[in-house]
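Let's take a walk through a protein model together. Have a look at the sequence and the structure first, and then we'll go through some details.

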Amino acid sequence: MLLSIVVSVYNEEQALASFYQATSRILSTLAWEYELLFVDDGSQDGSAHILERLARSDEQVKVISLSRNFGHEAAMIAGLDHCRGDGVICMDADLQHPPECIPDIVDLLEQGYQVINMVRTKNEDAGLVKNITSLAFYRLINRISDVHFEPNASDFFALDRRVVQVMRTSYREKVRFLRGYVQNVGFKKTTLPYAARPRVAGKSKYSLKKLFIFSVNTILCFSNVPLKLGIYVGMFSAFLGLGVMVYTLFTRDGAPSGYATIVVLLCFMFAMLFMVVGIIGEYIAILFTELKDRPVYLVAGTKNLEQGEKKET
């Protein structure tokens, strides 16, 4: 049996050596054969040179270099497309995803589980704001989506070969939420808790702005409720207009000129209108991105990959 470890790398030169040593030590204790598949997502630091050195010294280290930075999820998809394992574990290179969890994951794969979601019990690097916004996001998406998302699930997960093949062929959206696909794909699945450790080096690549954009795209991909917002806003505005009319009729004797009421009502109506138009625009933007059908990623080069494994998509 072969175990593939897919690792997304973007400007992680300070963490790569520690990650390789810690992960290799754990993998060497397993009965499974393994490959360490690093996907360099257009790093601007010395990550590429470190990965090249690791690949020269260890044939079990395989490297895919993307032509530019396509994003964390695109890098993981590239890894899923090129891995050969009977079981595949996706994780980050900063050691927040503990390699010590790998034996437990392998045990679950041997028990026949096909999807293993790793769920954070705590995150020492996340501040109060990030924890609160993460909790609010999962509560919101679970209310408006038909798919149930495991709160605090992360991009640390494991799949068997059959599910990986499904991900390769059936989940190729350009605007995507990979951990959502993993939870949506079905099959025999389970969860495994873990405590996220502090980053061994560097800093998070997800700013609050990126997290906000990521959250909006996720909601738009997994829910049609925002499109129905116009109906609810229209009904609310109708009741509001009825209320203003009743108020005007019953206070017409001592009523003011009504200028402020008209201005407030117009501002409210136009605000609601532009919000609904903006939501529709976001959906149209996603449709436009999908219709262009540009590659999820482009491969610039590989190390230790067999010729038949090289591909772009």
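This is a predicted model: local features need pLDDT of at least 70, side-chain atom pairs count only at pLDDT 80 or more; totals for chains, interfaces and linings use all residues.

In helix α6, which spans residues 161-170, the buried residues include Val163, Val164 and Met167. Buried here means under 20% relative accessible area, exposed means over 50%, and partly exposed is in between (1.4 Å probe, protein chains only). Helices are DSSP runs (H or I, at least four residues), strands are E runs of at least two, and both are numbered from the N terminus.

Those three residues sit on the same side of α6, because they cover an arc of only 105 degrees around the axis. That arc is taken from the directions from the helix axis to the C-beta atoms.

Residues are numbered from 1 along each chain as its sequence is written, and side-chain values use heavy atoms, with hydrogens and water left out.

## Helix α4

Now for α4, residues 102-110: its buried residues are Ile102, Ile105, Val106, Leu108 and Leu109. Looking down the axis of α4, they fall within an arc of 160 degrees, so they line one face of the helix. Just after α4 comes Gly112, with a positive phi of about 105 degrees.

## Positive phi without glycine

Phe187 isn't a glycine, yet its phi is positive, near 65 degrees. You'll find Phe187 in the loop between α7 (178-184) and β7 (189-196). With a relative accessible area of 30%, Phe187 is partly exposed.

Asn304 isn't a glycine either, and its phi is positive at about 65 degrees. Look for Asn304 in the segment after β8 (299-303). Its relative accessibility is 33%, so Asn304 counts as partly exposed.

## What about the cysteines?

How many disulfides does a search of the whole structure find? The answer is zero. Cys90 is in no disulfide, and the nearest cysteine sulfur, that of Cys83, is 7.4 Å away. To count as a disulfide, a pair of cysteine sulfur atoms has to be within 2.5 Å. In general, a disulfide is a covalent bond between the sulfur atoms of two cysteines.

Is Cys90 buried or exposed? Cys90 is buried, with a relative accessible area of 0%. Cys101 counts as buried too, at 11% relative accessibility.
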